[in-house]
Amino acid sequence: MNMHMYYKRKAIIALNAGIAALIPPVYFIVYGLIDPLHRYFIWLLCPFLVYSFICYYVFVLNKKRSEETKSIMEEAAVSTEQDVTSIEKLLITFLPSPNLHMQLYDHNGYLAGELRDINQKAVRWFMPYFAEKLLTKTYGLYDHSGRLNTTILIKKNTIELIGLDQKVVLHFKDQRNKGFIEFLDYERSKSYYLEHALFRMDAKIFINSSAEAAVLQRGYMPLSYQSFFRDANTPLLTFYKELNHIEKISVLAIFADYLSTVDH
């Protein structure tokens with residue numbers, strides 16, 4: 001998958017959502033014609049029509065982006081990276097999901113991996129947010145070919161990584177203030193500090209309180225990437241330190257926990 005296919009998929013999703021939003025207005029219009037005494041139901045059409053218009057705008061926008069990137073992606077160098085953790089800079093996109101469906105792309109606009117909810121059941125779309133928070137989140141880290149590499153279990157007080165050579169459990173320690181969260185890896189004597197902005201997606205992760213390990217920024221995408229990524233606000237994840245495989249997976253797991261609670 002590449003950015004051309006991503007924008008095309010987003011356009012199709014928006015178009016289908018817009019069409020679905022028109023079904024209730026059609027019903028109310030027919031009902032109003034049959035029973036003129038209940039024509040006040042016409043006011044119920046407004047939210048559906050507004051949402052349908054927004055979906056149509058998103059459809060047109062992503063259709064245009066898909067057309068603009070089609071020829072560019074055909075000429076771009078296909079990534080040969082097999083492991084998402086071997087890439088220093090990852091660009092993040094999101095697909096509709098009741099919890100989290102995060103895609104990770106290299107700078108050439110090709111999919112390097114995905115981090116998404118394994119249990120994507122239809123009923124999850126209708127669960128209230130407070131109920132969703134009570135459930136154990138089960139995310140999968142997939143490579144570019146869709147093969148599951150690591151399972152991430154996010155519970156109330158821990159993040160457990162399954163599928164690695166060594167067992168990894170990150171223990172939620174405390175929230176010192178509204179913009180600072182700490183996780184401890186007792187097995188390897190490491191601490192991970194997540195420092196995040198209060199009103200933006202931006203966040204940083206430090207290892208052992210001093211070494212800056214990774215930075216997540218929105219609105220700071222390099223100009224050289226904009227041929228493939230048409231949205232200048234595409235989030236950019238940068239690994240700043242020479243981290244080993246387990247540390248990078250741990251960082252991705254912490255960001256998954258953080259982004260599941262952020263509007264994206």
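Okay, a definition to start: the expected span of a helix is 1.5 Å times one less than its number of residues. Helices here are DSSP runs of H or I with at least four residues, strands are runs of E with at least two, and both are numbered from the N terminus.

Now the caveats. This is a predicted model, where local features need pLDDT of at least 70, side-chain atom pairs count only at pLDDT 80 or more, and totals for chains, interfaces and linings use all residues. Residues are numbered from 1 along each chain as its sequence is written, and side-chain values use heavy atoms, with hydrogens and water left out.

So, the overall picture. We have five helices and 12 strands. Of the 264 residues, 46% are buried, where buried means under 20% relative accessible area, exposed is over 50%, and partly exposed is in between, using a 1.4 Å probe and protein chains only. Contact means heavy atoms within 4.5 Å. Take the contacts with a separation of 6 or more: 50% of them are between residues 24 or more positions apart.

Let's go to helix α5, residues 245–259. α5 has 15 residues and spans 21 Å from its first C-alpha to its last, close to the 21 Å expected. How many of its residues are buried? It's 13 of the 15, so α5 is largely enclosed by the rest of the structure. At its start, a side-chain oxygen of Asn244 comes to within 3.2 Å of the backbone nitrogen of Ile246.

That brings us to the cores. A nonpolar core is a set of buried Ala, Val, Leu, Ile, Met, Phe, Trp, Tyr and Cys residues joined through side-chain atoms within 4.5 Å. The largest one has 44 residues, and Ile159, Leu237 and Phe255 make the most contacts inside it. Helix α5 supplies the largest share of that core, 10 residues. Apart from it lies another core of 14 residues, including Met3, Met73, Phe229 and Leu236. Back to Ile159: leaving aside neighbours within four places in sequence, its contacts include Val168, Phe183, Ala253, Ile254 and Asp257.

Next, the strands. Two strands count as paired if DSSP finds at least two bridges between them. β8 and β9 pair antiparallel over six bridges, with Asp185 opposite Lys190 in β9. On to β10, residues 203–207: five bridges join it to β9, again antiparallel. Leu194 stands opposite Ile205 there, and that hairpin has six residues between its strands. Five of the seven residues of β9 are buried, so this strand is largely enclosed by the rest of the structure.

Which residue takes a positive phi in the hairpin of β8 and β9? That's Ser189, with phi near 55°. Most residues other than glycine have a negative phi. Ser189 counts as exposed because its relative accessibility is 62%.

His4 is in α1, residues 3–21, and counts as buried at 16% relative accessibility. Beyond its neighbours within four places in sequence, His4 touches Ser66, Thr69, Lys70 and Met73. Over in α3, residues 45–75, we find Glu68, which counts as partly exposed at 32%. Its side chain makes a polar contact with the side chain of Arg230 at 3.5 Å. By polar contact I mean a pair of N or O atoms within 3.5 Å; within protein, one must be able to donate a hydrogen and the other to accept it, and residues adjacent in sequence count only if both atoms are side-chain atoms. Glu68 and Tyr7 are 61 residues apart in sequence, with their C-alphas 9.9 Å apart in space.
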